[in-house]
Amino acid sequence: MKNQDKTKEELIQELESAHQRINALEALEDDHKRAEEALRQNEERTRLIVESALDAVITLDAQGLITGWNPQAETIFGWSREKAIGRRLAETIIPPQYREAHHRGLQHFLATGEGPVLNKRIEITALHRDGHEFPVELTISPLRSGETFTFSAFIRDITERRRAEEALQRAKEEAEAANQAKSLFLTNMGHELRTPLNHIIGYSEMLQEEAEEAGQKEFIPDLQKIRGAGKDLLGSINAILDISKIEAGRMDVSLEIFTIVPLIQDVVSTIKPLVDKNANTLQVHCADDLGTMRADLTKVRQALLILLSNACKFTERGTITLGVNRELVDSAAWIRFRVTDTGIGMTPEQMGKLFQAFHQADASATRKYDGTGLGLAISQKICQMMGGEITVESTLGQGSTFTISLPAMDVRG
Amino acid sequence: MTKILLVEDNEENRDMLSRRLTRRGYEVVIALDGGQGVAMAQSETPDLILMDMDLPVLNGWEATRQLKAAPATQAIPIIALTAHAMVGEREKALEAGCDDYDTKPVEFQRLLGKIEAFLGKEASS
């Protein structure tokens with residue numbers, strides 16, 4: 001017998017090696033059990049994630065039959081898991097009019113591996129069990145398993161979001177329409193207000209001329225008052241129309257090259273009556289090298305007159321200084337117009353709201369100082385449209401300095 | 001006597017401008033719409049035309065184009081009177097062939113300066 005030929009040592013060796021193999025097998029079995037346990041825990045975790053997801057998570061087989069249906073899917077679509085599993089997805093959550101397209105898409109993918117709606121977020125209409133349709137955001141991912149495919153779908157009900165978006169869009173459209181209606185109204189009103197007002201101003205001018213010719217001088221001061229009041233009113237109406245044009249984005253600038261000194265002379269002679277009204281003195285300092293600038297002449301004039309008339313309005317028996325000079329900033333020429341007064345000045349808080357439309361420095365000022373509160377808002381906007389700005393420095397009780405800085409943009413610049 | 005054709009549909013504007021121009025020694029003839037303006041420019045041969053732009057029948061731009069296209073009237077200077085509020089009115093008036101423009105409401109002294117500038121030029125040339 002062969003075994004009887006073996007030595008005792010050989011038998012012991014065989015026994016030991018068999019024992020080692022048994023140990024190894026047991027170790028393998030332990031590993032396998034641990035792996036199974038890990039897998040089970042992992043699956044449990046995945047299941048919990050899917051169960052607790054705020055999105056509906058649905059899985060399908062290659063035939064389009066539902067194989068997984070989480071609680072959120074039950075909530076969103078109204079189908080319980082028991083009812084849903086095994087149903088055809090298309091007949092469960094896709095409205096009838098889209099089913100044919102869904103079916104074609106699925107067949108196309110299975111035949112070619114192409115699916116334009118796969119692996120991306122899309123927004124579509126879904127069907128609830130009770131028949132109502134609602135918007136959802138949907139992601140479908142195909143998963144290859146062996147020779148076939150399964151699909152997982154993540155679906156979020158976006159009814160609320162869509163409603164909020166639509167409400168926002170509607171509110172925006174309504175606000176825009178209201179703003180346009182306001183602009184149109186102001187344009188029409190402006191015409192209706194200005195036409196008769198211009199007749200009042202024009203006829204009072206004519207009467208003044210006629211009174212002068214006829215030697216009836218006693219009528220002239222009264223006629224001048226009518227004309228002056230008419231001009232003030234026209235100024236307020238024009239300010240309101242200007243600000244509405246600026247807000248509607250319909251204000252334009254037409255740039256031309258002009259010599260600065262004649263503009264200053266013109267502005268000074270225009271503002272003279274207002275300077276005299278509060279017993280103020282006007283000092284004008286123009287640098288020798290002012291030359292020309294390229295800007296909208298009418299609008300520069302308008303901004304200067306607004307700053308000067310404000311200075312006159314808020315200063316009594318004081319000095320108003322208009323200084324104009326040319327400065328080089330980074331080799332570009334700028335023109336600076338400085339209007340300084342020795343008037344009531346402002347606090348930092350008052351200065352903060354200065355360039356907002358419909359604001360005077362404060363509400364009580366509205367009582368004492370008349371005006372639309374639009375002048376500075378208009379001036380600032382038109383200076384910005386010409387590439388410049390207005391800045392302000394002020395000390396309460398001591399006076400203010402407003403500076404218009406505009407790029408010269410002329411040949412020398 | 002220097003003759004000015006005023007084309008203006010608004011009664012008050014017409015009245016004011018024509019009276020003030022007449023007082024300064026101009027002969028003023030009046031048209032109430034663009035069509036009449038073109039016809040009177042031909043029949044009256046004015047030295048200068050003041051053309052409102054917003055006119056019935058034929059607007060000021062079209063009337064100007066017709067006048068500037070006709071050999072008999074193309075040399076007559078036309079000053080456009082445009083609405084102050086309107087954006088791009090000046091460019092539109094000059095494109096149509098107007099020689100100058102002024103905004104309404106008319107600032108009479110300024111308009112007078114423009115009229116005299118043209119008629120002076122006419123006389124010296």
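**Exercise 1. The cover over helix α13 of chain A**

Task: List the residues of α13(A) that are buried, and find what covers them.

Solution. Step 1: G375(A), L376(A), A377(A), I378(A), S379(A), Q380(A), K381(A), I382(A) and C383(A) are the buried residues in α13(A). This is a predicted model, and buried here stands for 20 or more other C-beta atoms within 10 Å of the residue's own.

Step 1: The helix spans residues 375-385, and with 9 of its 11 residues buried it is mostly covered.

Step 2: Just after the helix, G387(A) has a positive phi of about 85°.

**Exercise 2. Two helices side by side**

Task: Describe how α10(A) and α13(A) cross, and name the residues of each that meet.

Solution. Step 1: The two axes come within 9 Å, and the crossing angle is roughly 145°. The crossing of α10(A) with α13(A) is left-handed.

Step 1: On the α10(A) side, the residues are K299(A), Q302(A), A303(A), I306(A), L307(A) and N310(A). On the α13(A) side, they are G375(A), L376(A), I378(A), S379(A), I382(A) and C383(A).

Step 2: Sorted by class, this contact has 7 nonpolar, 4 polar and 1 charged residues.

Step 3: An α-helix has 3.6 residues a turn, so residues three or four places apart point the same way.

**Exercise 3. The sheet that α13(A) packs on**

Task: Give the strand order of the sheet that contains β7 and β11 of chain A, and place the helices on it.

Solution. Step 1: The order is β7-β9-β10-β12-β11 (chain A), an open sheet of 5 strands with mixed pairing.

Step 1: β7 (281-286) and β11 of chain A are the edge strands; each has a single partner strand, so one side of each has no neighbour in the sheet. From one strand to the next, the twist averages 15°.

Step 2: β7(A) runs parallel to β9 (residues 319-329) of chain A, and 6 bridges join them. Within this pair, T281(A) has T319(A) in β9(A) as its bridge partner.

Step 3: Helix α9 (residues 260-277) of chain A lies across β7, β9 and β10 (332-341) of chain A, at about 175° to β7(A). α13(A) also packs on the sheet, where it touches β11 and β12 of chain A, and its direction makes about 140° with that of β11(A).

**Exercise 4. The antiparallel sheet**

Task: In which order do the strands of the antiparallel sheet of chain A stand, and why is one side of β2 and of β3 left without a neighbour?

Solution. Step 1: The open sheet has 5 strands in the order β2-β1-β5-β4-β3 (chain A), with antiparallel pairing.

Step 1: β2 (66-69) and β3 (122-127) of chain A are at the edges with a single partner strand each, so one side of each is without a neighbour in the sheet.

Step 2: The strand-to-strand twist averages 35°.

Step 3: Strand β1 (residues 56-61) of chain A is joined by 6 bridges to strand β5 (residues 148-157) of chain A, and the two run antiparallel. Here V57(A) stands opposite F154(A) in β5(A).

**Exercise 5. A helix that is hardly covered**

Task: State what span helix α2 of chain A reaches, and how many of its residues are buried.

Solution. Step 1: α2(A) covers residues 8-52, which is 45 residues, and reaches 65 Å from its first C-alpha to its last.

**Exercise 6. Chain B and its contact with chain A**

Task: Summarise each chain, then describe where chain B touches chain A.

Solution. Step 1: Chain A holds 13 helices and 12 strands, and 23% of its 413 residues count as buried.

Step 1: Chain B has 5 helices and 5 strands, in the sequence pattern β-α-β-α-β-α-β-α-β-α. Of its 125 residues, 34% count as buried.

Step 2: The contact between the chains involves 10 residues of chain B and 13 residues of chain A. On the chain B side, helix α1 (residues 11-23) gives the most, with 4 residues. By class, that side has 5 nonpolar, 1 polar and 4 charged residues.

Terms used
Residues numbered from 1 in each chain as written. Chains lettered and ligands numbered in written order. Predicted model: local features only at pLDDT ≥ 70, side-chain atom pairs only at ≥ 80, totals over all residues. Contact = placed C-beta atoms within 7 Å. Nonpolar A, V, L, I, M, F, W, Y, C, P; charged D, E, K, R; others polar. Pairing = 2+ DSSP bridges. Axes fitted to C-alpha atoms, helices over the stretch in contact; angles between N-to-C directions. Buried ≥ 20, exposed ≤ 12 C-beta atoms within 10 Å, placed from the backbone. Expected span 1.5 Å × (residues − 1). Left-handed = near helix turned anticlockwise from the far one by under 90°.
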